[in-house]
Protein chains: 2
Amino acid sequence: VGEGVRTILTGSLGRFHADLSQAKPGAEISLSASESHHLLRVLRARPGAALRVFGGGVDFMARLVRCGEGTAVVILEHPIEPPPPPRVDIWATVPFLKGGRTEFLAEKLTEMGIAGFIAYSAARDVARPGPEKAERLGRVVLAACKQCERADIPPVVTASNLANALKAGPANAHRIILLERSGASRLGEVAASIKAESAGRPAVMVATGPEGGFDPAEIDACDHFRPASLGPRILRADTAPLVAAAVILREYGEW
Amino acid sequence: VGEGVRTILTGSLGRFHADLSQAKPGAEISLSASESHHLLRVLRARPGAALRVFGGGVDFMARLVRCGEGTAVVILEHPIEPPPPPRVDIWATVPFLKGGRTEFLAEKLTEMGIAGFIAYSAARDVARPGPEKAERLGRVVLAACKQCERADIPPVVTASNLANALKAGPANAHRIILLERSGASRLGEVAASIKAESAGRPAVMVATGPEGGFDPAEIDACDHFRPASLGPRILRADTAPLVAAAVILREYGEW
C-alpha cells in the first residue's frame, strides 16, 4: 500500500518459515514438508535460488542448496532486521464467525502486529468449528506473517467457550471486554490508563462478542475485565476486534 | 458485539431506507421498489407491522399501512435519535481490489462512520470493475448503514484513476496519503496536527494504494497531500484503510 522495498523482495522467491532457534549465517536449515513443497513444487525452485527464511523473530536471506526427497535445505546468508514488534502485546479474543470471517480476523490482526489470536465458540453464535479450524487459522496467520514481514508467528488458540479462551492469555495481562452501548469508557481512554500504569511492554487481552452479543454467563466469565466502548455505532463482530487493536496500538505509537 | 438494545430491535422488522427529507410523525412515506420488495416479499410483512425507516440523518419508528402494486407505504410514528456522527468527516479513497475486498472495505468503513467512500482503479492493480460496481458498493454501504444504526448514507464514488478520485472529495478537505516505509510521520501524529489546526468538524481525505504500491504518477497526483506512515509492518491494501480510519477517528474521541 505504498512505495517501498517491495521491489527488493521480488528478487527472491519470497519468505519461508523454519525453525531458526539456532540460526546463524552459514547454517544449513531444512524446511518443513509444506514449505518445501511450496518452494520446490509450486515455485519449482532450483539450487542456487535466493529466498528468505524466518521464524522465532529472526529473518535471513538464504539460498537453496539441496532438495532431496521433497525436503528443501537452505543455507542462511545474512540476517535481515525484522520490523520491531509493537510496544504492547495484544491478545485478541474473538468469537468464531461464519463465512471465513474468523480467518479474515486472524489475517488482519496478524498484519497489525498482535501477539496472540484466541478464537472461542460464543454462546449466542452457531459457529462451532471442528478440530481442523485451528490448523486452518494457523495457515492464515503464517501467510499473513509472510506478507507483512513479521519474523515471529503469533500463537493461535481455539477454545470451546469464552471462559476457556480467557485462560489462554498471559496471566499478567490487562483484560478488556468490549461492550456495546454500555456506558463504559471509550477504549482509547482505557488504553491510555493502562499505558499510564504499566512499565515495559504490557500484555493486553481484548475480548469481543458475536453478532448477538455476549451471553450473561460470558460476561460473568470476564469478571475483573475492564469494560470499554467503541462508541455509538454498532460494529459487526468482525469489525470491532480490528478497531480495538488499532486503537490500542495507536496508544503505543504504532501508527 | 456486546449487550444492548439489539433485543429491542427484534420487535420490529428492521430498518428500511427512504427519502425522509420532509419527515415528521404522522407522515406517510412510500418505500422504494427494492425496499418494498424486501419488506413485502422477503419478510412478508402485513399492514400494522412495525419497522424503522431512516435516511438523510433521521430515523423513525414506523408502521406499514398499505401495500399496493408492490409499493409499501408506511406511517412515521416517532423519531429515534441516531448515533451522533463522528467529529471528523473521513473520505476514504481506496483502490479497487479483487475478491470482494472493495465491498469488504465499504462495509467496514461505513460501520466505522466514514463520511464518503471513493474507490479508484489503481495503476498497479488489475482490478478494473465495470459500471455495475458502484451500484453493488452502494448496496453494501446501505446494508452496513442498516446494521450499524447510522441514519445517513455515505456517498459512494468510483473513479477510473486516482487523480479523478481525488476530485470527488470536499474541496476544503485535509489530504493524507499513506506511504509504506517512507520515513513519513506516523498517521496518529498527522491526525493530531490536523486536529490542532482545525476548528469544527473537518473533512479528511485519506488515500491508500494497492498491493503493488502507488505508481509514481499517482503519487504526483497527490501533490500537497500530507504523507503519513502506518508503521513498520506492511499492511495489505484492505487493512491499511481500516487502520487509518480507526486512528483518525480515535484522535477525535470516537473510541
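Modeller: Contact here means heavy atoms within 4.5 Å. The model is predicted, so local features need pLDDT of at least 70, side-chain atom pairs count only at pLDDT 80 or more, and totals for chains, interfaces and linings use all residues. Residues are numbered from 1 along each chain as its sequence is written, chains are lettered from A in the order in which they are written, and side-chain values use heavy atoms, with hydrogens and water left out.

Biologist: Which residues does A:F96 touch, not counting residues up to four places away in sequence?

Modeller: A:F96 touches A:T102, A:A119, A:Y120, A:S121, A:D125, A:A127, A:P129, A:K133, A:L137, A:T158 and A:A159.

Biologist: Where does A:F96 lie, and is A:F96 buried or exposed?

Modeller: Helices (H or I, at least four residues) and strands (E, at least two) are DSSP runs, numbered from the N terminus. A:F96 lies in the loop between β6 (89-95) and α3 of chain A. Buried means under 20% relative accessible area, exposed over 50%, and partly exposed in between, with a 1.4 Å probe and protein chains only. A:F96 has a relative accessible area of 3%, so it is buried.

Biologist: How do I read the interface of chain A and chain B?

Modeller: Start with contacts: 59 residues of chain A meet 59 residues of chain B. Then take buried area, the accessible area (1.4 Å probe) that two parts lose on being put together, summed over both. Chain A and chain B bury about 5000 Å² between them, with 54% of it on carbon and sulfur atoms.

Biologist: How many salt bridges and polar contacts are there?

Modeller: A salt bridge is a side-chain nitrogen of Lys or Arg within 4 Å of a carboxyl oxygen of Asp or Glu. The rule finds 12 across this interface. One of these pairs B:R236 with A:E111, whose closest N and O atoms are 3.3 Å apart. A polar contact is a pair of N or O atoms within 3.5 Å; within protein, one must be able to donate a hydrogen and the other to accept it, and residues adjacent in sequence count only if both atoms are side-chain atoms. Between chain A and chain B, 26 residue pairs are in polar contact, both residues at pLDDT 80 or more.

Biologist: Which helices of chain A supply at least two residues of the side that touches chain B?

Modeller: They are α3 (101-112), α4 (132-148), α6 (187-197) and α8 (240-251). The largest share, seven residues, comes from α8(A).

Biologist: Which residues of chain B are in contact with A:R233?

Modeller: Among them are B:P83, B:P84, B:E111, B:C148 and B:E254. A:R233 lies in the loop between β11 (226-228) and α8 of chain A. Its relative accessibility is 6%, so A:R233 counts as buried.

Biologist: What span should helix α4 of chain B have?

Modeller: The expected span of a helix is 1.5 Å times one less than its number of residues. For the 17 residues of α4 (residues 132-148) of chain B, that should give 24 Å; the end C-alpha atoms are 25 Å apart, which agrees. Buried residues in α4(B) include B:K133, B:L137 and B:C148.
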